[in-house]
Amino acid sequence: MTMDSEVTNKLGPDILSYSVEKVMVRNIPQVTPYWQMRHIKELMRIRRLDGVPVTDDEGHLLGIISISDLIICIENKDLEAPVSKYMTTPVKCLILSKTLIEALREMNRFKYGRLPVVDEEFKVIGVVYWWSLFAFLQEALDTSMVVKKTIPSEGVISYTYQVLGRDFVHAGNASLQMRKSLQQLSIDPKDLRRTGIIAYEAEMNIIIHADKGFLQVKINSEKIEVTAEDKGPGISDVSLAMQEGFTTAPDYIREMGFGAGMGLPNIKRNSDIFQIDSRVGVGTKVYSVVNLIRRLK
Amino acid sequence: MLLREVIDSLNLQVISEGNLEVEVRSGIVSDLLSYVMGNAKEGDLWLTIQTHMNVVAVASLCKVAAVIVTSNLEVNEEVIDKAQEEGITILKSSLPSYELSGSLYLSGIR
Ligand SMILES: Nc1ncnc2c1ncn2[C@@H]1O[C@H](COP(=O)(O)OP(=O)(O)OP(=O)(O)O)[C@@H](O)[C@H]1O
Ligand SMILES: [Mg+2]
């Protein structure tokens, strides 16, 4: 069997133009110049921070104290000294309106591991750490659909899309992407619509109810198979979940218009074969078949 | 009735323009996305107060003629961009869904 597989991994084009707010750590204790270095040592150890901004009593940025400042202080056996003696000043910082790409550039240019974020009054509202930026980018990479396309020799095409729970920013993308791939084949619009609805509802269920999973579509000349499998809480009573109107979606999700309790019934109605397997604490697998009106060549 | 005629006669604001020459026959009013998914017909007008990204996904799947955001609610740029990309028409009305559907019904869209 020949296997041609291709993995495309890309960051959304606009992700780097997000505000630094997206990646900054907010609840950093307010350190003032008359703190003792001993307390800084403890703060850094307990919170595992490698630097904290120093502010005046009103929260205006004065400087920064980093692990290298602390090392010098420890070398001097001077832990009783005030922060003002060891802090680095002036300090580079970011205004809230800056974007991620600007933060990345600054950090890279000056080799800073952290940059305080200030508002217009120069008050500290958070810190962008290299690791918080890193975590964000990594997550964005994970989330941006990992598309895998495999073409085994027996005339089956298959696409797989990754789906992440609670990711409402990318919600619907996997099924949209799937629909676009299917549009390239000469599938009857009715079949395309049914498949689209199945994929969309299954994707949204992973996003709303589960932690992560994938959506897979397999096409051969006679049928389309859609599989949505997730790691998540599972469903304790599947026949109850299949009833129209049954939902466990929390309020904030219902406010967005999800949680009509119609997703699974919609999937079933649009499928020629429908199977659902779920194990509590493990995950859920939904499998649907759409028989094609027109055979594909 | 053509979508363009509906827009003119009911004073709707076009915030994303898809095909305005489509025939509109009926409509659906709901803010529950999977209800719309299960019940909308191709060519429907969909009246809703939901304005987030998934509205575009549902509208495109159901092939509605247009989404009408009622009660003058704001739709953010990203959603409009996405709608344009997908060729989905989004209209805006200052009327609440109830009143607008009344006017639509009277104008012959049943
Ligand atoms: N992948 C899943 N993991 C865990 N629970 C699920 C999953 N899919 C569905 N459920 C459970 O089944 C219920 C019914 O699902 P269904 O898709 O019919 O409705 P909903 O997702 O709650 O609302 P809607 O789909 O109308 O937005 C959900 O509320 C949830 O409790
Ligand atoms: Mg659902």
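Predicted model: local features only at pLDDT ≥ 70, side-chain atom pairs only at ≥ 80, totals over all residues.
Residues are numbered from 1 along each chain as its sequence is written, chains are lettered from A in the order in which they are written, and side-chain values rest on heavy atoms, with hydrogens and water left out.

Two packed helices are described by the angle between their axes and the distance between the axes. Helices here are DSSP runs of H or I with at least four residues, and strands are runs of E with at least two, numbered from the N terminus. On the α7(A) side, the contact (heavy atoms within 4.5 Å) is made by Arg193(A), Gly196(A), Ile197(A), Tyr200(A) and Met204(A). On the α3(B) side, Asn54(B), Ala57(B), Val58(B), Leu61(B) and Cys62(B) take part.

Over all chains, 19 salt bridges were counted, each defined as a side-chain nitrogen of Lys or Arg within 4 Å of a carboxyl oxygen of Asp or Glu. One of them joins Arg4(B) to Glu21(B), with the closest N and O atoms 2.6 Å apart. This pair links distant parts of the chain, since Arg4(B) belongs to helix α1 (residues 3-9) of chain B and Glu21(B) to the loop between β1 (13-16) and β2 (27-29), 17 residues apart. Arg4(B) is partly exposed at 38% relative accessible area, and Glu21(B) is partly exposed at 43% (buried means under 20%, exposed over 50% and partly exposed in between, with a 1.4 Å probe and protein chains only). In a further salt bridge, Asp44(B) meets Lys41(B) at 4.0 Å, N to O. Asp44(B) is buried, at 1%, whereas Lys41(B) is partly exposed, at 47%. In chain A, Lys41(A), Glu42(A) and Arg45(A) form one network through salt bridges that share partners.

Six aromatic pairs were found over all chains, where rings of Phe, Tyr and Trp (its six-membered ring) pair if their centres lie within 6.5 Å, and planes under 30 degrees apart count as stacked, over 60 as edge-to-face and the rest as tilted. Tyr18(A) and Phe136(A) form an edge-to-face pair, 6.1 Å centre to centre with 70° between the planes. Tyr18(A) lies in the loop between β1 (5-8) and α1 (37-47) of chain A and Phe136(A) in helix α5 (residues 130-143), so the pair ties together parts 118 residues apart in sequence. Phe136(A) is buried, at 17% relative accessibility. Tyr129(A) and Trp131(A) are stacked, with ring centres 4.9 Å apart and planes at 10°. Tyr129(A) is buried, at 0%, and Trp131(A) is partly exposed, at 31%.

Asp188(A) is found in the loop between α6 (173-183) and α7 of chain A. Asp188(A) is buried, at 13% relative accessibility, and touches Ile293(A) and Arg294(A), not counting residues up to four places away in sequence.
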